[in-house]
Amino acid sequence: MPETSISLDELRVKIDQLDSQLVDILAQRAKLTTQVGEFKSRTGMPIYVPSREAELIEKRRSEADAKGVPPNLIEDLLRRIMRESYQTQNNQYLCKAPQINKIVVVGGAGALGRIFVDMFTRSGYAVTVLEQNDWLNAAEILADSELVLVAVPIKLTEKIIFKLGPLLPKDCILADVTSTKLKPLQAMMESHPGPVVGLHPMFGPDVQSLVKQVVVVCEGRQAEAYQWLVDQIKIWGAIVHESTAKEHDDAMAFIQVMRHFSSFVYGAHLAGEDPELTQLVAFSSPIYRLELAMVGRLFAQDPELYADIIFTNAESIGLLKRFRDRFDDALTLLENGDKGEFVKQFFAIGHWFGPYAKQCLVSSKKLLLKADDDRVMNIDE
């Protein structure tokens with residue numbers, strides 16, 4: 001074994017020194033991103049600018065490659081650093097519509113409602129919360145309101161909208177943040193003659209900021225009157241997608257109902273079979289730990305919320321039945337030992353996914369590396 005001129009302890013000291021320098025550099029960077037956030041707040045620039053982020057990552061990847069550092073490593077580090085820096089940029093935001101003097105968030109003390117109360121407040125708006133115990137004073141609370149945002153459970157949304165209608169000023173903007181859009185939007189259009197817009201924030205109440213979060217906007221009436229609200233959401237860093245209410249609900253049948261219902265059944269099957277959960281995790285690959293984590297995550301949350309999501313869209317029952325039929329068809333292939341037909345269908349489905357399947361393969365590899373680092377769902381920790 002060749003002798004080295006430097007000991008292991010000395011090498012470790014040098015690494016520790018470099019790590020300390022890295023911490024100092026990150027601290028300096030955080031101060032700069034805070035200043036960037038203050039500038040964006042004054043000017044109304046959105047927190048998240050995709051082109052700027054893509055350009056920065058590409059430059060650093062090229063530099064890394066030239067210096068013999070794995071570009072993927074640098075990209076992973078940068079994305080993690082930038083995600084943290086976005087949090088230092090979201091203390092205050094430009095108020096897009098300073099002429100708006102009063103916003104009322106119905107259900108503003110709830111998990112999702114609190115997020116919007118916080119975001120409006122940080123943007124300099126005067127915000128009032130209307131909760132269940134405040135209904136005796138609802139007329140007074142809603143008087144002179146210029147935006148009323150409904151953030152109540154799905155099962156109560158339409159009822160609350162019709163209750164609000166007669167109490168709203170004629171020119172007040174009425175909006176909701178429910179995960180279904182067709183019926184709430186119809187209810188708002190019927191109960192209120194003024195500006196109406198349907199919103200669906202595609203995130204849960206545990207988000208740290210709205211940066212890179214998706215908000216679906218469904219036009220109702222007088223879009224020019226609520227355009228400032230859409231612009232304000234963009235300033236918060238969210239990605240806005242416009243859609244009709246029907247297109248939205250049709251998509252949600254796949255994105256939410258089918259996914260959550262499948263996870264529910266998967267969890268029910270595991271609980272019914274009662275395997276040793278710690279053993280499943282110990283024996284699993286990173287991809288299975290991620291899949292198991294997504295199922296387990298469902299059962300750590302509010303069952304009423306997911307019941308409302310699944311049960312509200314009655315039209316999705318047909319979709320779920322067709323899913324069951326296809327599961328049975330696939331099971332029949334297995335029972336019959338028909339590998340040839342399985343492979344044939346596999347190729348056909350892959351053709352339907354097209355290039356997106358390859359993209360998923362690349363993206364999932366990054367997720368799996370992260371899962372492997374963190375030992376996702378390690379029950380012993």
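Helices here are DSSP runs of H or I at least four residues long, numbered from the N terminus. With that convention in place, I turn to the structure, which is a predicted model.

I begin with the cavity. The structure holds 1 cavity of 30 Å³ or more, and about 50 Å³ of space lies in the largest cavity. Which helix gives the largest share of its lining? That is helix α9, residues 245–273, with 4 residues. The complete lining consists of S179, T180, D249, M252, Q256, V257, I309 and N313.

Seven strands form an open sheet in the order β2-β1-β3-β4-β5-β6-β7, and the pairing is mixed. At the edges stand β2 (127–130) and β7 (239–242), each of which pairs on one side only. On average, neighbouring strands of this sheet are turned by 25° against each other, direction ignored. Strand β1, residues 103–106, runs parallel to β2 and is joined to β2 by 4 bridges; V105 has V129 of β2 as its bridge partner.

Two helices deserve mention beside the sheet. Helix α6, residues 154–164, packs on the sheet and touches β1, β2, β3 (147–150) and β4 (173–176). The direction of α6 makes about 155° with that of β3. Helix α8, residues 223–235, lies across β1, β3, β4, β5 (196–201), β6 (214–221) and β7, and runs at about 175° to β6.

Finally, the annotation. In an unreviewed entry, UniProt lists residues 101–364 as "domain: Prephenate/arogenate dehydrogenase". Over residues 101–364 the chain is 59% helix and 13% strand, with the end C-alpha atoms 46 Å apart.

How values were computed. Residues are numbered from 1 along each chain as its sequence is written. This is a predicted model: local features need pLDDT of at least 70, side-chain atom pairs count only at pLDDT 80 or more; totals for chains, interfaces and linings use all residues. Side-chain values use heavy atoms; hydrogens and water are left out. UniProt positions are given in the numbering used here, feature names are shortened, and annotations may be inferred rather than shown by experiment. On a 1 Å grid over the protein atoms alone, a cavity is a set of points where a 1.4 Å probe fits but cannot get out, and a pocket is an open set with protein on both sides within 12 Å along at least five of seven lines; lining residues have an atom within 4 Å of a point. Grid points are joined across faces, edges and corners, and a volume is the space filled by probe spheres set on the points. Two strands pair if DSSP finds at least two bridges between them. Axes are lines fitted to C-alpha atoms, for helices over the stretch in contact, and angles run from 0 to 180 degrees between N-to-C directions. Contact means heavy atoms within 4.5 Å.
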